[in-house]
Amino acid sequence: MEENKEITPQATVEVIEFGPLRISGNFTLKDLRRDSEVSPGEVWLCRCGKSQTKPYCDESHKK
Amino acid sequence: MEKENKKFTGGRRYSNDEITVFWKPTACVHASYCYRELLEVFDPGRRPWIDMNGSTTDKIIEIVNMCPTEALTWKWNEDAKNDSVDKDQTNHVKFRRPELSNTQALPEPVPPVTAKVMIDGPIVIKGSFTLCYDGITKEVKESLVSLCRCGASDHPPFCDGRHRKVGFID
């Protein structure tokens with residue numbers, strides 16, 4: 001095993017201006033209200049509070 | 001016991017007969033576990049906001065251990081007892097009481113990234129990851145960020161606790 005290897009970030013969290021939050025890579029999404037745990041690889045989450053499919057974005061921010 | 005409410009550097013402390021809870025407001029990411037789980041003790045709308053007579057010591061410890069940051073920590077008043085904090089409270093020991101942590105307790109070399117969607121609150125992302133916002137790219141190393149989901153934060157994309165004031169329900 002290689003030593004002193006820099007930790008490569010496994011995931012990227014991208015805040016889309018006037019849009020949702022995109023998380024991609026190796027991560028686990030835990031939703032406490034809906035009691036779910038998934039590792040989707042990529043996800044678009046609501047940041048405006050208006051989505052009808054929370055925590056996911058449904059493009060309500062455009063309305 | 002008389003209600004105690006003393007300041008210390010960076011925060012306040014609150015005690016009952018057995019434990020002292022330390023509150024560091026600047027470390028809070030508004031994950032909201034405390035008031036959602038135990039409003040009798042942790043009520044942001046009350047002053048002082050922590051009432052140590054509102055519940056049992058065990059329950060208060062349980063909720064303080066849920067706090068993902070150093071905003072809430074606790075100690076036994078009887079100092080000797082702090083040396084034997086149970087392993088099932090490793091969250092507390094590992095993240096917020098480094099002086100008690102076992103140096104060999106470092107888990108896997110690349111800790112997993114978790115994104116927690118808090119009930120009626122922010123999304124708390126923990127681990128090592130790349131964060132991009134407002135044209136800025138940051139490498140977050142084994143730390144956490146709390147991002148707004150309600151759309152009302154005065155400091156987007158970060159949570160500033162406004163979800164509670166605007167009554168955000170998810």
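**View 1. Surroundings of Asp170(B) in the predicted model.** Leaving aside residues up to four places away in sequence, Asp170(B) touches Arg33(A), Lys54(A), Pro55(A), Asp120(B) and Arg149(B); a contact requires C-beta atoms, placed from the backbone, within 7 Å of each other. Asp170(B) belongs to the segment after helix 4 (162-166) of chain B. Helices (H or I, at least four residues) and strands (E, at least two) are DSSP runs, numbered from the N terminus. With 19 other C-beta atoms within 10 Å, Asp170(B) is partly exposed. On this scale, 20 or more other C-beta atoms within 10 Å make a residue buried, 12 or fewer make it exposed, and counts in between make it partly exposed, again with C-beta atoms placed from the backbone. Val117(B) is 53 residues from Asp170(B) along the chain, and their C-alpha atoms are 9.8 Å apart.

Residues are numbered from 1 along each chain as its sequence is written, while chains are lettered from A and ligands numbered from 1 in the order in which they are written. This is a predicted model, in which local features need pLDDT of at least 70 and side-chain atom pairs count only at pLDDT 80 or more, whereas totals for chains, interfaces and linings use all residues.

**View 2. The interface between chain A and chain B.** In this interface, 25 residues of chain A are in contact with 27 residues of chain B. Strand 1 (11-15), strand 2 (21-25) and strand 3 (27-31) of chain A each supply at least two residues of the side of chain A that touches chain B. That side has 14 nonpolar, five polar and six charged residues. Nonpolar covers Ala, Val, Leu, Ile, Met, Phe, Trp, Tyr, Cys and Pro, charged covers Asp, Glu, Lys and Arg, and the others, Gly among them, are polar.

View 3. Strand 1 of chain A runs parallel to strand 6 (residues 123-133) of chain B, joined by four bridges; pairing requires at least two DSSP bridges between two strands. Within strand 6 of chain B, Cys132(B) is opposite Glu14(A). Strand 3 of chain A also pairs with strand 5 (residues 113-117) of chain B, in the parallel sense and over five bridges. There, Leu29(A) has Ala115(B) as its bridge partner.

View 4. Three bridges pair strand 3 of chain A with strand 4 (residues 36-38) of chain A in the antiparallel sense, and Lys30(A) is opposite Glu37(A). Four residues lie between these strands in the hairpin, where Asp35(A) takes a positive phi near 50 degrees.

**View 5. Confidence along chain B.** The mean pLDDT of chain B is 84, and 82% of its residues reach 70 or more; pLDDT is the predictor's confidence in each residue, from 0 to 100. Among the elements of chain B, strand 5 has the highest mean pLDDT (96) and helix 3 (residues 90-96) the lowest (42). Residues 90-108 of chain B have pLDDT below 50, and this stretch makes 14 contacts in the model beyond near neighbours in sequence. Where pLDDT is low, predicted coordinates should not be read in detail. The model scores ipTM 0.88 and pTM 0.73.

Definitions and conventions. Contact = placed C-beta atoms within 7 Å.
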